[in-house]
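Hello,

Here is the structure I promised to pass on.

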Amino acid sequence: MLLFYLLAALALVVIGAVVRTFKVVKEYERGVKFMLGQFVKVMEPGLGTVIPLIQSWERVDMRVKAVDVPRQESITRDNVTVEIDAVIYYQVRDAEKVILEVEEYMYATQQLAQTTMRNIVGEVDLDALLAERERISRQIREIIDEATDPWGIAVQSVELKDIVLAENMKRVIARQAEAERERRAVTIQAEGELEAAQNMADAASTLNQEEGALHLRTLQTLNSLSSDDSNTVIFAVPTEALRALEKIGADGPDESSP
């Protein structure tokens, strides 16, 4: 009877060892296998074997991951304090390196992103930070991607989610924007007056050069005034009559003649 229990226990141990020997690696995963502490190979998707007590393995997710960068308080180049948070999208390219070259690669990538973001923000002015977020995000991504390449990680993108300013700085920016809009309004008004004056000068020059153009303009003015219901009475003198009077005055007798 004792022999039976021993055989049963041995059978359970063998079955448990066999079950633990087979490992399933999913399509989006890779397995890093070690034998007595030494790297053996990278296990591809499918069914693999890991001998208990002799071999061990670590599972690596190869999908794109999104990591939030906690809000950081930074000072821009023009000494303005801002708070910035971001999100990083990265993907493991080499399962072997990500296990052998760095400890806790997710935490390491997050810390590197925080430091890089703080350094880049300190190199730009507030206006550039607000207006050129895409360029700054691309610069941060390039630095992080270069630093994490030896770890077997490829950074897809870095997005600045929010830029928080102090309340007094928000009021200053609002006053600056208001002053800028007033300046544009005054400039546009002055340009409009200049253009109108130039058009009026061109019209006057054209009326003066063309024969009869001023008379036609006078008739148009009379036509527009006649449509009014007011009691205004207008006496129009043709320009030809005025010119005739000018000629008569010019051809008058000379007072110096005998």
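This is a predicted model: local features need pLDDT of at least 70, side-chain atom pairs count only at pLDDT 80 or more; totals for chains, interfaces and linings use all residues.

Leaving aside residues up to four places away in sequence, Q91 touches M62, R63, V64, G152, I153, A154 and Q156. Q91 is part of strand β7, which covers residues 81-92, and its relative accessibility of 17% makes it buried. With Q156 there is also a polar contact from side chain to side chain, at 3.3 Å.

R63, one of the residues that Q91 touches, has two further partners worth a look. Its charged end sits over the ring of Y28, 3.8 Å from the ring centre. R63 also forms a salt bridge with D61, with 2.8 Å between the closest N and O atoms. R63 is partly exposed, because its relative accessibility is 43%; D61 is partly exposed as well, at 21%, where buried would need a value under 20%.

On to the other charged pairs. The structure holds 8 salt bridges. Another of them joins D85 to R71, and here the closest N and O atoms are 3.6 Å apart. That pair links distant parts of the chain: D85 lies in strand β7 and R71 in strand β6 (residues 65-75), 14 residues apart. D85 counts as buried at 12% relative accessibility, whereas R71 has a relative accessible area of 43% and is therefore partly exposed.

E132 and R135 form a salt bridge too, at 2.5 Å from N to O. Both are partly exposed, E132 at 35% relative accessibility and R135 at 33%. Elsewhere, salt bridges that share partners bring R71, D85 and D162 into one network.

How many aromatic pairs does the structure hold? There is 1 aromatic pair. The ring centres of F34 and F39 are 6.3 Å apart and the planes meet at 75°, so the pair is edge-to-face; the angle has to be over 60 degrees for that label. F34 is buried, with a relative accessibility of 10%, while F39 is partly exposed at 29%.

Finally, a helix. Helix α3 spans residues 105-121, 17 residues in total, and reaches 24 Å from its first C-alpha to its last, close to the 24 Å expected at 1.5 Å a residue. Which residues of α3 are buried? They are Y105, A108, T109, A113, Q114, T116, M117, I120 and V121.

Key
Residues are numbered from 1 along each chain as its sequence is written. Side-chain values use heavy atoms; hydrogens and water are left out. Rings of Phe, Tyr and Trp (its six-membered ring) pair if their centres lie within 6.5 Å; planes under 30 degrees apart count as stacked, over 60 as edge-to-face and the rest as tilted. Buried means under 20% relative accessible area, exposed over 50%, partly exposed in between (1.4 Å probe, protein chains only). A charge sits over a ring if NZ of Lys or CZ of Arg is within 6 Å of the ring centre and within 35 degrees of the ring normal. Helices (H or I, at least four residues) and strands (E, at least two) are DSSP runs, numbered from the N terminus. A polar contact is a pair of N or O atoms within 3.5 Å; within protein, one must be able to donate a hydrogen and the other to accept it, and residues adjacent in sequence count only if both atoms are side-chain atoms. Contact means heavy atoms within 4.5 Å. The expected span of a helix is 1.5 Å times one less than its number of residues. A salt bridge is a side-chain nitrogen of Lys or Arg within 4 Å of a carboxyl oxygen of Asp or Glu.
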